[in-house]
Amino acid sequence: MRKITTYHFVIMPEIITDVPLIEQHLACYHCGEECEPNEALKIEEKQFCCQGCKTVYEILEENNLCSYYNLADKTAGRSLKDLPTSTQFAFLDDQAIAFKLLDFSDGGISKMTFYIPAIHCSACIWLLENLHKLDENILNSRVNFLRKEVSVTFKHEGISLRQVADLLTSIGYTPLIRLDSLEKKESNKQKEIQQDKKAYRQMYYKLGVAFFCFGNIMLLSLPEYLSFSDYIETNFRKLFGYLNFILALPVAFYSGMYYLQSALTAFRQKHLNIEVPIALGMIVLLFVSTYEVFTGTGAGYFDSLAGLIFFLLLGRLFQQKTYQSLSFERDHLSYFPVSVLVKNQDSEKYVPVKELKVGDRIVIHNQELIPSDSILLQINDASGKALIDYSFVTGEAVPVEKVSGEMIYAGGRQIGGTIELEVMKPFSQSYLTQLWNNDIFKKQNNSKITRITDQFSKRFTINLLLVAITATAYWLWQGDTSTALKVFTSVLIVACPCALALSAPFALGNTLRILGKYKLYLKSTDAVESLANIDTIVFDKTGTITDTHKTQVKYEGKLLTDKELAMVQHVAKNSTHPLSKALAKMNLPEKNQTFAIANFREYIGKGIEGEIEGNHLLLGSYSFISAYVKDEKEDKSTEASAVVHLAINGDYKGKFLISNEYRKGLEKMLNSLENKYELLVLSGDNEQEKERLSKIFDKKNLTFKQTPQDKLNFIKDLQVKGKNVMMIGDGLNDAGALKQSNVGIALAEDVASFSPASDGILEASVFTQLPQFLQIAKAGKQVVNWSFAISLAYNIVGLSFAVQGLFTPVISAILMPLSSITVVSFATLAVSLWARRIVKGKNS
C-alpha cells in the first residue's frame, strides 16, 4: 500500500490559503483522498475511498485508459463519495430545455459545451478528450482548460444529452448546469471579463501582501544591516526575529503558494519545471531562517525570502499585463473579413457579418458560409430544399436537407442554389474563431522555435540543480557554510529560462498583432514563423492577381434573347467564383426579372449548371460543356483573359469573353519579390493569357488548366523538392492547395471568403503590400533569435557571479524577473519599431 504526504488547503478561486498540516494516511488511487482500509473497495494493491472511484477505475481499465493515472498528479480524479443520483439531469429529457442548451443540433449530430469545475490538470484534459473511447456515439470532445469547459459532439440518436451528462458524472467530472445556462451565450463574455478582473485582483492582493511584509521585514532587519545588532538587547533581537518569521509566513504560504503548488504538482507527475528550483530556494530560505531565529544563531534570510517572492510576482504581473495587451488587440483586430449580402426591399448590398442585426434578411450563395443562426425563408430551387454542409462544425461531410421555416446554424455552408434567411441571433465572432481553430483544419506543428524552447526548458532545470549542488558542495568543502547557503539559493533563483520561453510568444505574438493591424489575419504564431521561412510563392490567377471589380464581359456566338441572358445571369448569381460574379454583374435590359432555379450544381474548377423553367443551362470550360453538346469545335481565337462557354438544352450557344485587369501595383510588387522568392502561377483557365502573363512572370513558371486536385499535387511536388511554399488563392477552388502548402493565404474580396483550410486571410485591398508582410514576419523571427541570445547571455553572466557568492538571494530575486521584463520589452518593442520602419520605408 503506498503512503503519501499531502498538504491540506482551503481552495477558493485564485486564492489558496495554506493550513500547514502534514500527516500520513492511505490515499485513494483515483482521487487521492484519505480512505480507510476496506477489502470491498480494493483491486489488487489499489485502495479506493468509495464505490464511485472504484467504478471509475474499472471503466478506465476496461477501455484501456489507465494511462490517465500516469498523467495525473494523484488528485486528478474527483472523489465520487457524493455521486449524484440518476435523476440529477432528468430535466435534460425536456426537449425544449435541451434545445436551448445545445450549441448545435442537426443531421443526427448535436454539440454541447459543458462547464466542469473539476478540470484542473493535464490528466483531466486527456481523459475528457478520450470520451469517444467510452461511448462510440460520442464523435469528439475538446477541452478549453482556461474556461474549464468541454465541448462534446455526439450522435443524438445513440446517446441523449442527459446520458452525456451522466457519463461525465460517472467518471468524476460532474457538469455544472444551472437554469441561467439557458442565457449562457449572451452572458459568457461578461463572465470572462469578470473572471479576468477577479484573477488580477487576487494577483494584486498577493503582491500587496508581499510588498507590505517585505517592507516591514526590511525595517525590522535594519539594525542587522547597519551592524547595530550588538548594541540591541537580546530580547529585542529575538522579538524582531519572531516578528520577521510571522511576517514571512503569509508571504511564503499565500503570495508564494503558486510556486510551491506548481513544484509539488511537478514532483507528483515525476517531471521538473522551472518552478521547482524557485520553490527549493524558497523552502531553503524559510527553513534556514527559521532555524537561525529560533536557535538564536542568526537573524535569518526572511528579507531575501520576501524580496524574492515580491519581485517574482512583480515580473509575473508584468508578463501577464503585456500578454493580455497583445491578446486583446489580436482578438479585436483580427476579425475575419467575412461579409454577406443583405437584402433590403429593392436593394442588396454586402455588409460585414459583425454588423448583422436580428431580423436582417441575408442572401447566401453556393459554397458561402452561414454567419449567424437563422431561419430559412426562401429557397431559389424548384425542389424546395436546401443542402447544408456542417462539416466545419461537426466534421461530418454529409449535407443535411432543409426546408423553409427550419433553423440553420452558423457555420453551415450552403450547397446548391441561392437561399434567403432571416437572422435570429447576433453574429458571434467567437464562434467563427472556434471554426477557424477547428482541429480538422489544423496542420502539424513544425515550429523550429517551439522545438528549441521545449528542448531547452526540459534540460534547464536538471542542469541548474547540478550547478547549484556542485557550487554548494565546493563552498562546504572550503568550510564556508554561509557562502554555501548563499550560493545555493542565488543559483536557484538567478538562473531562469523564463526569458527564453517568453521570447517566442511575445515576439511572434506581437508580429501577429501587427500583421492583423495591416489586414493580414493569421491563425497562430506558428504561421508567422512559417511565413518567415518560405522561399516559393504560388499565385492563383483569377480573383487573386486579377481585380474582380474591373472586368469587361463580351459575348460571341448565337443570338441570345433577353430572357436567355437573364437566365444566364440568374444561374451565375448562385456561384461565388470570380467568373460567375462577372457574369452576374452584366447590365441587362430586364434587371428585376427573377426565376426559380432547380438542380443547381457547381463543379469546382469546371463550371456550373441549373434548370430554369425546364431549360437546362451549362456554364463553364469548353471541356465541361463539350460533354453535353454535339459537333461543336472550340474557337480559340480570342484575346480575352478568360472564357466561359454556354449551352442551353444541349445546344451550344457561344462564349462569354471576360477581360480582367491585373491588380494595381502588381508588377511593382513582383519586381520586389523576384530576387528573393520563386514566383509561380497556377490557373484553372486556358492558356489564352499566357503571353500577357509572361511579361511579368517567368514563362516556365506559368501553369494552366489545373483542377483543384492538380493544384494540390503541384504543391506537394514542390514540397518534395524541399521548397517552403506559400499559396495565395481565393479559398474555393484552391482549398486543397491552401491546406497542403506551408502557408496558405485566402484572398478576401466582398464575399464570404472565410476559409478554415487556410492559415490566414489577406484583404484584397492590401494584396500588393505582400513584400512588407514577409519582411515583418522575418523581422519577428529575427527578434526571437536576438531575444534567445540575450536570455542565454543573462543566464551565463548571472550564474558566473552567483557561484562565486557575489550575489545575495534578494539581488538574485531582483535580477530574475528583471531578465524576463527586459526580454519581453525588447521582443515587443523591437518588432513594433522594425515593422514601423518597414511600412514607413514602403510609403516613403
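This is a predicted model: local features need pLDDT of at least 70, side-chain atom pairs count only at pLDDT 80 or more; totals for chains, interfaces and linings use all residues.

Author: In the second largest cavity, the lining residues split into four nonpolar, five polar and no charged.

Reader: Which residues line the second largest cavity?
Author: Thr542, Thr546, Thr548, Thr551, Pro578, Leu579, Ala582, Ile658 and Asn660. Two or more of the lining residues come from each of β20 (546-557), α20 (578-584) and β25 (651-662).

Reader: What volume does it have?
Author: The second largest cavity holds about 30 Å³. The count of cavities of 30 Å³ or more is two.

Reader: New topic. What order do the strands of the open sheet take?
Author: The seven strands run β18-β30-β29-β28-β19-β26-β27, and the pairing is mixed.

Reader: Why is one side of β18 and of β27 left without a neighbour?
Author: β18 (520-522) and β27 (702-703) are at the edges, and each has a single partner strand, so one side of each has no neighbour in the sheet.

Reader: Parallel or antiparallel for β28 and β29?
Author: Parallel. β28 (residues 725-729) and β29 (residues 743-748) pair over four bridges. Met727 has Gly744 in β29 as its bridge partner.

Reader: And the largest nonpolar core, how many residues?
Author: It has 55 residues. Ile537, Phe539, Phe697 and Met726 have the most contacts inside it. Helix α26 (residues 770-802) contributes the most, with nine residues.

Reader: What does Phe697 touch, leaving aside neighbours within four places in sequence?
Author: Phe697 is in contact with Phe539, Ile545, Leu670, Leu679, Val681 and Leu702.

Reader: What other core lies apart from the largest one?
Author: One of 37 residues, including Phe214, Val251, Leu312 and Leu313.

Terms used
Residues are numbered from 1 along each chain as its sequence is written. Side-chain values use heavy atoms; hydrogens and water are left out. A nonpolar core is a set of buried Ala, Val, Leu, Ile, Met, Phe, Trp, Tyr and Cys residues joined through side-chain atoms within 4.5 Å. Buried means under 20% relative accessible area, exposed over 50%, partly exposed in between (1.4 Å probe, protein chains only). Contact means heavy atoms within 4.5 Å. On a 1 Å grid over the protein atoms alone, a cavity is a set of points where a 1.4 Å probe fits but cannot get out, and a pocket is an open set with protein on both sides within 12 Å along at least five of seven lines; lining residues have an atom within 4 Å of a point. Grid points are joined across faces, edges and corners, and a volume is the space filled by probe spheres set on the points. Ala, Val, Leu, Ile, Met, Phe, Trp, Tyr, Cys and Pro count as nonpolar, Asp, Glu, Lys and Arg as charged, and the others, Gly among them, as polar. Two strands pair if DSSP finds at least two bridges between them.
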